[in-house]
Each structure stands twice: as C-alpha cells, then as structure tokens.
Amino acid sequence: KATVSVLNCSAAGAPTPGCGVTPSEERMACVSLTENAWRMQTLDTVARIEDVVAMWSTPAVDPGADPRALYDAECERVNVRPNKTIRKLLDAGATSLDISRQFVGTLGLLPLFAVLPLLTSLQHLSLADCHLESPLVVILGQFIAEHPTLRTLDLSRNPFSSLGAQALLEAVSKNTRVHGVALGGVELTPGLLRKIGDRLERNAQSA
C-alpha cells in the first residue's frame, strides 16, 4: 500500500520554498518514492528467503533432544523470533500438531521443520494457511519422506506451485505411511493432483 510517510511533504496548497515543484507534484513524488521503497523491501525479503533456504542445512539431531530447545536453537540460527504458540505445542509425545494460521513468516517455518524428527508420535500435521511457498515445501518434503509415524497432512490454502507439489509427491512416494494430504485452495494442475491422489490411495491400500 502506497503511503506518503517517507518524505516530509508540504500541505496541500502550500508552496515548497526553493524546490521548483508544485505541491501536487511533490505529493506524487512522495508516493512514487514510497512505492519504490516498498518494492525494494519486498525484493530484499524474497532474496533473503531464497538465500537462507538455499543455504539452510538439516541440523544433526540428537534423538533424545528436547524439541523446544532445538526449536529455540534453530530460530536463532535463521535469525527469527520463536513463536510462543508453536513452542508450547512442541511436545515429544504429541500425535497431532496444528500450526495453521500461525503467522511466523516464511523463515520462521524452518525451525519447526527441524523439530519434526523429534516428534516420534506425530500422526497429523496441519500447516494450512501458513504461506508455504515451493522452496519450503521442498525442504518439508525431506522431513515427510523420513518421518516414522506421520499419516496425514493439511497443506490447504498455501501458495506453492508445481515445484513444491512434485517434492510432495516424491515424499509420499517414499514414505508410504502417509495416506492423506489436504490440498484445498492450492492452485495445482489436475494432472499433478491426480498423481498425488493416486499415490496416496496406493499408500492407504498397502497400510
């Protein structure tokens, strides 16, 4: 949203001494500069997300580690503030974990993914409405593929594309214990959705 808060613009009708522009031109310049600043900030954020995701490596996890302690350490590693609600839910004995509609920012999901191997009773994970984009789904897929107890996922209403969906397909093809994935509101091709559905049906039949 464009604002006029970056520059100290003159009030309507009042000339700006020595600047040689009308008040309306000055206001337009304020808006234009602010919009450009917003665009640059957005590009910087996207670049930072891609850089961190590209450099992020799966941490070596001690099976006996405390999930909350690992979450805190991983938050520090990617320079994000721990989410109190998520932290409270990270119980090693949890069978269901609902992180839907938790605004943690894109990078804030990486520490959560790192904790998943410690949740060895987890059967259902909901990440609906978490702004999951394809690079993060690729990383999530690595944990889904190896998780020993996970059965169902809710990834509804997330903006990932075919790249993320392909990683998801590979994950559930490897981990045949997973037999249900909710993808409502995710814009994917019918062919890819059919492939994921067929794979999940085969997983369910082999359970």
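Analyst: Gladly, and let's start with the elements: helices (H or I, at least four residues) and strands (E, at least two) are DSSP runs, numbered from the N terminus. This is a predicted model, in which local features need pLDDT of at least 70, side-chain atom pairs count only at pLDDT 80 or more, and totals for chains, interfaces and linings use all residues. Residues are numbered from 1 along each chain as its sequence is written, and side-chain values use heavy atoms, with hydrogens and water left out.

User: Where is H131 found, and why is H131 called partly exposed?

Analyst: H131 is found in the loop between β2 and α5. Buried means under 20% relative accessible area, exposed over 50%, and partly exposed in between (1.4 Å probe, protein chains only). H131 has a relative accessible area of 45%, so H131 counts as partly exposed. The phi of H131 is near 55°, a positive value in a residue other than glycine.

User: What makes R157 partly exposed?

Analyst: A relative accessible area of 44% puts R157 in that class. R157 lies in the loop between β3 (152–154) and α6, and here too phi is positive, near 55°, in a residue other than glycine.

User: How do you know whether S126 is buried or exposed?

Analyst: S126 has 5% relative accessibility, which is under 20%, so S126 counts as buried. S126 sits in strand β2. Leaving aside neighbours within four places in sequence, S126 is in contact (heavy atoms within 4.5 Å) with L97, D98, I99, S100 and D154. D98 also stands opposite S126 in β2.

User: What makes β1 and β2 a pair of strands?

Analyst: Two strands pair if DSSP finds at least two bridges between them. β1 and strand β2 (residues 124–126) are joined by 3 bridges, so they pair, and they run parallel.

User: In what order do the strands of the open sheet come, and why are some called edge strands?

Analyst: The order is β1-β2-β3-β4, 4 strands with parallel pairing. β1 (96–98) and β4 (180–182) are the edge strands, as each pairs on one side only. On average, neighbouring strands of this sheet are turned by 5° against each other, direction ignored.

User: Why are α5 and α6 described as roughly parallel?

Analyst: Axes are lines fitted to C-alpha atoms, for helices over the stretch in contact, and angles run from 0 to 180 degrees between N-to-C directions. Helix α5 (residues 134–146) and helix α6 (residues 162–174) pack at an angle of about 0°, with axes 8 Å apart. Angles under 35 degrees count as roughly parallel, over 145 as roughly antiparallel, 65 to 115 as roughly perpendicular and the rest as oblique. That makes α5 roughly parallel to α6. Among the residues making the contact are V137, V138 and I144 of α5 and L163, A167 and L168 of α6.

User: How do you know that the buried residues of α2 are on the same side?

Analyst: In helix α2 (residues 67–77), P67, L70, Y71, E74 and C75 are buried. They cover an arc of only 140° around the axis, which puts them on the same side of α2; the arc is that of the directions from the helix axis to the C-beta atoms. The buried residues of α2 pack against α3 (84–89) and α4 (109–115).
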